[in-house]
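Here is a short tour of a protein fold, for readers who like to follow the strands with the model open beside them.

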Amino acid sequence: MLEQTLFAGFGGQGMLLIGEFLAEAGMEEGKYVSWLPSYGPEMRGGTANCSVVVSDRPISSPVITAASCVIAMNRPSLDKFENTVRPGGLLIVNSSLIDVKAKRDDIDVLYIPASEVAEEIGNPKGANVVILGAYLARRPVVSVDSLMSAMKVKLGERKARFLEGNKKALLAGLELGKVQ
């Protein structure tokens, strides 16, 4: 198993954080992982993305040139990374913020209204975790339990107050990913 995922959005949307959640969950399961962040100097409001590789074999490079999956949280990320998805791969689009459809027909595309769902469940900043749940429903690279545990580890005591809202967002995303 080799899963190469690119999480992309604006700084402040939590793309680096959900990449860390996935990487931590992979480590907890004894898998090989890499997490490679990339962001502009402006950070919040600028572009931010990270590459996460989860594998059952050693990883030769953290750089992704042909992704198994791309998660695009905003239009600039869709425009920039749609062509990075390998044929037969998965593209997940935050349809709350992106009003265009993918141009390719050789990939699976999942449109998730992540921002709207996050608002509905009372966690307006949880769109990133909603979309992570949808991803996990389609690509069960790690178990839900490992991901829940990873969220607790990565949030730590300082941000523990956000754990329940993120669990709720993850479960909502899992349901969305199963239905579409």
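This is a predicted model: local features need pLDDT of at least 70, side-chain atom pairs count only at pLDDT 80 or more; totals for chains, interfaces and linings use all residues.

Stepping back, we find an open sheet of 6 strands with mixed pairing, in the order E2-E3-E1-E4-E5-E6. Its edges are strand E2 (32-39) and strand E6 (108-112), each of which pairs on one side only. On average, neighbouring strands of this sheet are turned by 15° against each other, direction ignored.

A helix joins the picture here. Helix H1 (residues 15-28) packs on the sheet and touches E1, E2 and E3. The direction of H1 makes about 170° with that of E2.

Is Asn49 buried or exposed? With a relative accessibility of 9%, Asn49 counts as buried, because the cut-off for that class is under 20%. Asn49 belongs to strand E3 (residues 47-55).

Which residues does Asn49 contact, once its neighbours within four places in sequence are left aside? They are Leu6, Phe7, Ala8, Leu16, Leu36, Pro37, Ser38 and Phe81.

## An aromatic pair

Phe7, one of the contacts of Asn49, leads us to the next feature. The model has 1 aromatic pair by the rule used here. Phe7 and Tyr135 form this pair, which is edge-to-face, with 6.1 Å centre to centre and 70° between the planes. Because Phe7 lies in strand E1 (residues 2-10) and Tyr135 in helix H4 (residues 127-138), the pair ties together parts that are 128 residues apart in sequence.

How accessible are the two partners? Phe7 counts as buried, at 0% relative accessibility. Tyr135 is buried too, with a relative accessible area of 0%.

## A charge over a ring

One last stop involves another ring. The charged end of Lys101 sits over the ring of Tyr111, at 4.0 Å from the ring centre.

Conventions:
Residues are numbered from 1 along each chain as its sequence is written. Side-chain values use heavy atoms; hydrogens and water are left out. Helices (H or I, at least four residues) and strands (E, at least two) are DSSP runs, numbered from the N terminus. Buried means under 20% relative accessible area, exposed over 50%, partly exposed in between (1.4 Å probe, protein chains only). Contact means heavy atoms within 4.5 Å. Rings of Phe, Tyr and Trp (its six-membered ring) pair if their centres lie within 6.5 Å; planes under 30 degrees apart count as stacked, over 60 as edge-to-face and the rest as tilted. A charge sits over a ring if NZ of Lys or CZ of Arg is within 6 Å of the ring centre and within 35 degrees of the ring normal. Two strands pair if DSSP finds at least two bridges between them. Axes are lines fitted to C-alpha atoms, for helices over the stretch in contact, and angles run from 0 to 180 degrees between N-to-C directions.
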